[in-house]
Every structure is written in C-alpha cells, then in structure tokens.
Amino acid sequence: MRIVDNVESLRARFLAVRGDRSLRDLSLPIGVSHVTLAQFLADGSSTRVPLLDKIEAWVEEQEGKQQ
C-alpha cells in the first residue's frame, strides 16, 4: 500500500472519531498544534512520521473508547 493511501486512511479515521470537537480542543491531547492538525486535514500529504504516529495513537485510543 502506498504511503499516501495510508495517510488518507488515517485522515478518514481521524474525521470519523473527531465528532464536533474543534482542532484547538484536540491539539493538546494529541500533542500537536491546531495549525498542524488543520494542515493534516487540508492536504493529508504530510509524511512526518512523528506527527502521523501521534495522530494515529490518538485515533486508536478514540476508536477503542467507541467500541
């Protein structure tokens, strides 16, 4: 699978668990700035592994809470 496909999948998962919470509210628990989250959502093309790891860890935590 291509990296872009993985990033797109992560973005879709993020949007699914985000709900109506603002990026400012989510930035602290994820550990990145709200601007960085907005950039991730806008183009999803960031391949900075530390950023993607933080977002993925948060998404997995949220998905676990929803089950």
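The secondary structure of the protein chain comes to four helices and zero strands. Helices (H or I, at least four residues) and strands (E, at least two) are DSSP runs, numbered from the N terminus. Along the sequence, the pattern reads α-α-α-α. The model is predicted: local features need pLDDT of at least 70, side-chain atom pairs count only at pLDDT 80 or more, and totals for chains, interfaces and linings use all residues. Residues are numbered from 1 along each chain as its sequence is written, and side-chain values use heavy atoms, with hydrogens and water left out.

Of the 67 residues in the protein chain, 33% are buried. Buried means under 20% relative accessible area, exposed over 50%, and partly exposed in between (1.4 Å probe, protein chains only). Contact means heavy atoms within 4.5 Å. Among contacts between residues at least 6 apart in sequence, 63% join residues at least 24 apart.

Helix H2 spans residues 23–30, and helix H3 spans residues 34–43. Their axes come within 8 Å and cross at roughly 105°. Axes are lines fitted to C-alpha atoms, for helices over the stretch in contact, and angles run from 0 to 180 degrees between N-to-C directions. H2 and H3 are therefore roughly perpendicular to each other. Angles under 35 degrees count as roughly parallel, over 145 as roughly antiparallel, 65 to 115 as roughly perpendicular and the rest as oblique. On the H2 side, the contact is made by Leu 23, Arg 24, Leu 26, Ser 27 and Ile 30. On the H3 side, His 34, Leu 37, Ala 38 and Leu 41 take part. By class, the contact of H2 with H3 has six nonpolar, two polar and one charged residues. Here Ala, Val, Leu, Ile, Met, Phe, Trp, Tyr, Cys and Pro count as nonpolar, Asp, Glu, Lys and Arg as charged, and the others, Gly among them, as polar.

Within H2, Leu 23, Leu 26, Ser 27 and Ile 30 are buried. Seen down the axis of H2, the buried residues fall within an arc of 115°, so they line one face of the helix. The arc is that of the directions from the helix axis to the C-beta atoms. The face of H2 turned away from the buried side carries the exposed residues Arg 24, Asp 25, Leu 28 and Pro 29. Just after H2, Gly 31 takes a positive phi of about 95°.

The structure holds two aromatic pairs. Rings of Phe, Tyr and Trp (its six-membered ring) pair if their centres lie within 6.5 Å; planes under 30 degrees apart count as stacked, over 60 as edge-to-face and the rest as tilted. The ring centres of Phe 14 and Phe 40 are 6.3 Å apart and the planes stand at 85°, so this pair is edge-to-face. Phe 14 lies in helix H1 (residues 3–18) and Phe 40 in helix H3, 26 residues apart. Phe 14 is buried, at 0% relative accessible area. Phe 40 is also buried, at 1%. The rings of Phe 14 and Trp 58 have centres 5.5 Å apart and planes at 45°, so this pair is tilted. Trp 58 belongs to helix H4 (residues 49–66), so the pair with Phe 14 of H1 ties together parts that are 44 residues apart in sequence. Trp 58 is buried, with a relative accessible area of 5%. Phe 14, Phe 40 and Trp 58 form one aromatic cluster.

Gln 62 also lies in helix H4. Gln 62 is buried, at 9% relative accessible area. Neighbours within four places in sequence aside, Gln 62 is in contact with Val 17 and Arg 21.
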